[in-house]
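Welcome! Please take a moment to look over the sequence and the 3D view before reading on.

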Amino acid sequence: MRLPHLHLPYLHIHVHDRPLAGDPHPHNPFHWKLYFCEAIATAILMMLGLSAVILLTAPGSPFSWPLMQHPYIQTALCGLCFGLSGTAAAMTPFGKVSGAHINPSVTLAFSLARRIGGVDALNYMIAQVIGAFLGTAAVYEAGRMITWWGHMAVAVRYGATVPYGHISIWWAMWSEMFVTAALIAMLYWLAAHPKWKFITPWSGGLFFLIMNPITAWLSGNSVNFARTLAPALFAGQWTGLWIYVVGPFAGASLAVMAIRMNLLGKLHLLEARLVNFGHHGRVPGLDDPHRKLNHPDDPDHIPPGAGPA
């Protein structure tokens, strides 16, 4: 007996809507689930990352005083912990849905590589700024409720990144640009290689563990405008804020230019993701972000009962 064909327009849109592969469905320009998840993932990054910086550097912290005599180790650990905070954010269901850009520079790079459209890229950046504000606000509110935590947070200006004041600010800007370019090139290369994709969300910690002792003294190695803006709002610290826009965005553009020129080899990135690959640009469900959609109209469809030859 032949069953009648069922027309399910929502499922049709869902299958062909691929906002993280550069080709969203024309009837579905906004992806609110992605933006919401990106904001929450960024908030998690900020809560964990700023807390780590406060514990490692604030006067009075039991973790900071043994490190005071070893500033390079202290700076390296700050980079490691902030990078791993990004890993933790990426591994949440929110990060797995949005792809865990958690950085406007990363989103810009994906946009220039035509893996995410302009509307979605702009909304990702807005979500990242909102998420960074919410995460920093959580650290601030914790300081209002816990006095000793508040004193430590204020002492380190809520982990704000500022340019080194004894040399030209342009050195800090160049540092932000080149460190961002190196970060984007590394993330892009890993995400574009099936063999190394799984390392991508873990790579930030190692990257900043190495880079922080070398360049963090110049600008703080923010490479992330949202990460700098939010603590600046709470600390009232506006010195050189412009370099954290110009430097990272220029660095992301420089990295994509190098990739297009095949300076890193021929790379083909399928999705605007740093975690949970294999959705072919579609939006996974928040309840089960690992589940891959399988539909007869999908070019990757596997018929029931079919298996590897």
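Predicted model: local features only at pLDDT ≥ 70, side-chain atom pairs only at ≥ 80, totals over all residues.

Residues are numbered from 1 along each chain as its sequence is written, and side-chain values use heavy atoms, with hydrogens and water left out.

## Annotated spans

The UniProt record, an unreviewed entry, carries the annotation "transmembrane region" for residues 34-60, 72-91, 121-140, 169-191, 198-218 and 238-259. UniProt positions are given in the numbering used here, feature names are shortened, and such annotations may be inferred rather than shown by experiment.

Two of these spans can be described from the model. Residues 198-218 are 76% helix and 0% strand, with end C-alpha atoms 31 Å apart. For residues 238-259 the figures are 77% helix and 0% strand, and the end C-alpha atoms lie 33 Å apart. Helices (H or I, at least four residues) and strands (E, at least two) are DSSP runs, numbered from the N terminus.

## Salt bridges

How many salt bridges does the structure hold? There are 2 salt bridges, each being a side-chain nitrogen of Lys or Arg within 4 Å of a carboxyl oxygen of Asp or Glu. Side chains of opposite charge can pair when their charged atoms come close.

One joins Arg144 to Glu141, at 3.5 Å from N to O. Both residues belong to helix 6 (residues 118-145) and sit 3 residues apart, about one turn of the helix. Arg144 counts as exposed because its relative accessibility is 58%, and Glu141 is partly exposed at 35%. Here, buried means under 20% relative accessible area, exposed over 50%, and partly exposed in between (1.4 Å probe, protein chains only).

Arg273 and Glu271 form a salt bridge too, with their closest N and O atoms 3.7 Å apart. Arg273 is buried at 0% relative accessibility, and Glu271 is buried at 3%.

## Around Glu271

Glu271 is found in the segment after helix 11 (243-260). Its side chain reaches the backbone nitrogen of Gly281 at 2.9 Å and that of His279 at 3.2 Å.

Beyond residues up to four places away in sequence, Glu271 touches several others, including Leu20, Phe110 and Arg115; contact means heavy atoms within 4.5 Å. Phe110 is 161 residues away along the chain, yet the C-alpha atoms of Glu271 and Phe110 are separated by 8.6 Å.

## Buried charges without a salt bridge

Asp17 sits in the loop between helix 1 (9-16) and helix 2 (32-57). Asp17 is buried and has no salt bridge, the nearest side chain of opposite charge being Arg18, 8.4 Å away. For charge, Lys and Arg count as positive and Asp and Glu as negative; His and the chain ends are not counted. The side chain of Asp17 does make polar contacts with the side chains of Asn28 (2.9 Å) and His31 (2.7 Å). A polar contact is a pair of N or O atoms within 3.5 Å; within protein, one must be able to donate a hydrogen and the other to accept it, and residues adjacent in sequence count only if both atoms are side-chain atoms.

Lys96, in helix 4 (residues 93-98), is also buried without a salt bridge, and Asp288, its nearest side chain of opposite charge, is 8.6 Å away.
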